[in-house]
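Hello,

Here is the structure I promised to pass on to you. Have a look at it first, and then read my notes below.

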Amino acid sequence: MTTSGASAPALRYGQAAGRWVLLATVLGSGLTFIDATVVNIALPDIGESLRAGTAALQWTVNGYTLSLAALILLGGSLGDRFGRKRIFLLGVAWFAVASLLCAVAPTVGMLVAARLLQGVGGALLTPGALAILEASFHPDDRAKAIGAWSGLAGVAGALGPFLGGWLVEIASWRLIFLINVPVALLVCAVAVRHIPETRDPGAVGGLDATGAVLGALGLAGLTYGFTAWPELGPASAVVLGSLGLGVAGMAGFVVVEWRSAHPMLPLGIFRSRAFSATNVVTFVVYAALGGVFFLVVLNLQVVSGFPPLDAGLALLPVTVLMLLLSARAGALAQRIGPRIPMTAGPVVCAGALVLLARIGAGASYLRDVLPPVVLLGLGLSLTVAPLTATALGSVDDRHAGIASGVNNAVARAAGLLAVAVLPLAAGLGTGSLTDPVALAPAYRTAMLICAGLLLAGAVIAVIGVPAALRGREPEPETSPVRVHCAVAGTPLHPHSDAERD
């Protein structure tokens, strides 16, 4: 179905049609979330198998995140223009092929290249998943569906270290990529049959290729510069040139988006105070989480001596708690407003990271690891669903693809820069990520830095996130825009972004 043809249903959360759509979007997003975390647990084995140093291991993580963060806005624009279901399916298929290339990579250089390709597939499918939910579900069930998506897809990300540890122990790190292929085939089969097609009728004009290139160059320059800094030093021409390119690329991106007739990122969307504040919170919170999921599983193996499977299992309570609580947190935020959960959640997570910073040599799981991991799971359950729902709910429904793309791009860019900057900021220097003597003090410092970021996110939420998003009045039934959006199951409301602060 398309918005220009047969009527697409306003799906209900408790009905079979809605559950099929939720299944496809959760599994599709889960692929990208798993591959954002599953590699972390396998880094020691990848380093040994492919003889990769610290910088190469960082790029094994960052190559994927770089292309995902740089192109996710373009993915949202493509979905709005050519159909969210169509671009979602393209992304899933692309991701499966790139995963196969990762699994057979003979060198670390080829692995990083394949990871870059994986990120392209993720950039196509991730914003489409959220936009499909926003455009397809009945307004009364939208927050609950997004909450369930946040929890279930987030569970996939939290399962990554456990799954990676198990596969590394029983076979090889290569299996962590091979398992994506059958899951992708299942997603395509469900999506083709059950997801209605939706698009933005106002998406016209040429694609913003210049903006996409400048954004990618900006992120790549910053990431490469910070990654090379420990080895080459801050005075290195390579480091200074890369950072300069990164800053110039990001500045050029903003200028191009401001002047473009058809920008990839319409800057007017940031007139919504709620949307802007939510994305600032997203950046600092996900920067902290990027550091946590990158370093905790490494620290458990390298410093505390946990086997890969045990290190992965250590984070399982986060998975269980998000599965049980995220949908409820989304519904709670819809009733009481997003400010309270978006403030309390990061504070709880910050407390968890202070406790996680104490994990060192000879750590006991029950005494030292389990309490902060449970606390982290509670904080994330309270934070993620309201944050996501607010990012989408604070702009017009017709901008669903752009809004989800922006929020995802911000989250991915934050994690990307965290992996590049945290080892440097924590004082790791040229020390190896697999050397316990070098990693232990840097890990403690990094966890405290991440806790500070989370507290900053809570403060920003108190100041910038509204206590409640204002209700939206429907347009008259005779409005052509209203007719189109009703067909899509997403009534368009007359208030501008700025009016919904």
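**What I found**

Arginine 84 is buried, as its relative accessible area is 4%. Its partner is aspartate 80: the two form a salt bridge in which the closest N and O atoms are 2.7 Å apart. Aspartate 80 counts as buried too, at 3% relative accessibility. Please keep in mind that this is a predicted model.

**The chain as a whole**

The chain has 17 helices and zero strands. Of its 501 residues, 59% are buried. Its accessible surface comes to about 18,100 Å², and carbon and sulfur atoms account for 69% of that. If we take the contacts between residues at least 6 apart in sequence, 83% of them join residues at least 24 apart.

**The other salt bridges**

How many salt bridges does the structure hold? There are three. Besides the bridge I began with, arginine 12 and aspartate 141 meet through their side chains at 2.7 Å, N to O. That bridge links distant parts of the chain, with arginine 12 in the segment before α1 and aspartate 141 in helix α5 (residues 139-170), 129 residues apart. Arginine 12 is partly exposed, with a relative accessible area of 30%, whereas aspartate 141 is buried, with 10%. Then there is the salt bridge of arginine 367 with aspartate 368, where the closest N and O atoms are 2.9 Å apart. Arginine 367 counts as exposed because its relative accessibility is 57%, and the cut-off for exposed is over 50%.

**A bend in helix α1**

Follow helix α1 (residues 16-50) along and you will come to a bend of about 60° at alanine 42. A proline, proline 44, follows within four residues. Just after α1, arginine 51 takes a positive phi of about 55°.

**Aromatic pairs**

The count of aromatic pairs comes to five. In one of them, tyrosine 64 and phenylalanine 95 have ring centres 6.3 Å apart and planes at 75°, so the pair is edge-to-face. This pair also links distant parts of the chain: tyrosine 64 sits in helix α2 (residues 54-82) and phenylalanine 95 in helix α3, 31 residues apart. Are these two residues buried or exposed? Tyrosine 64 is buried at 1% relative accessibility, and phenylalanine 95 is buried at 0%.

Tryptophan 173 and phenylalanine 177 make an edge-to-face pair as well, with 6.3 Å from centre to centre and 90° between the planes. Tryptophan 173 counts as buried at 4% relative accessibility, and phenylalanine 177 is buried with a relative accessible area of 0%.

**Two buried residues and their contacts**

Arginine 115 belongs to helix α4 (residues 108-136). With a relative accessible area of 1%, arginine 115 is buried. Which residues does arginine 115 touch, leaving out those up to four places away in sequence? They are Asp35, Val39, Thr60, Val61, Gly63, Tyr64, Ser67, Cys102 and Phe177.

Isoleucine 176 lies in helix α6 (residues 175-178) and is buried at 0% relative accessibility. Apart from neighbours within four places in sequence, isoleucine 176 is in contact with Asp35, Val38, Val39, Ala42, Gly164 and Leu167. Ala42 is the residue at which helix α1 bends, while Asp35 and Val39 are also touched by arginine 115. Isoleucine 176 and isoleucine 34 are 142 residues apart in sequence, yet their C-alpha atoms are 9.3 Å apart in space.

**A nonpolar patch on the surface**

Finally, the surface carries a nonpolar patch formed by Leu90, Trp94, Val97, Leu100, Leu101, Val104, Leu117 and Leu178. Together these residues have about 690 Å² of accessible area. Helix α3 (residues 84-103) supplies the largest share of the patch, five residues. Leucine 117 comes from helix α4 and is partly exposed, with a relative accessible area of 35%.

Enjoy exploring the structure!

Best wishes

Notes. Residues are numbered from 1 along each chain as its sequence is written. This is a predicted model: local features need pLDDT of at least 70, side-chain atom pairs count only at pLDDT 80 or more; totals for chains, interfaces and linings use all residues. Side-chain values use heavy atoms; hydrogens and water are left out. Buried means under 20% relative accessible area, exposed over 50%, partly exposed in between (1.4 Å probe, protein chains only). Contact means heavy atoms within 4.5 Å. Patches are made of residues with over 30% relative accessible area and no salt bridge: like charges are joined within 9 Å, nonpolar side chains (Val, Leu, Ile, Met, Phe, Trp, Tyr) within 5 Å. Accessible areas come from the Shrake-Rupley method with a 1.4 Å probe; for residues, only the protein chains shown count as cover. A salt bridge is a side-chain nitrogen of Lys or Arg within 4 Å of a carboxyl oxygen of Asp or Glu. Rings of Phe, Tyr and Trp (its six-membered ring) pair if their centres lie within 6.5 Å; planes under 30 degrees apart count as stacked, over 60 as edge-to-face and the rest as tilted. The bend at a residue is the angle between axes fitted to the seven residues ending there and the seven starting there.
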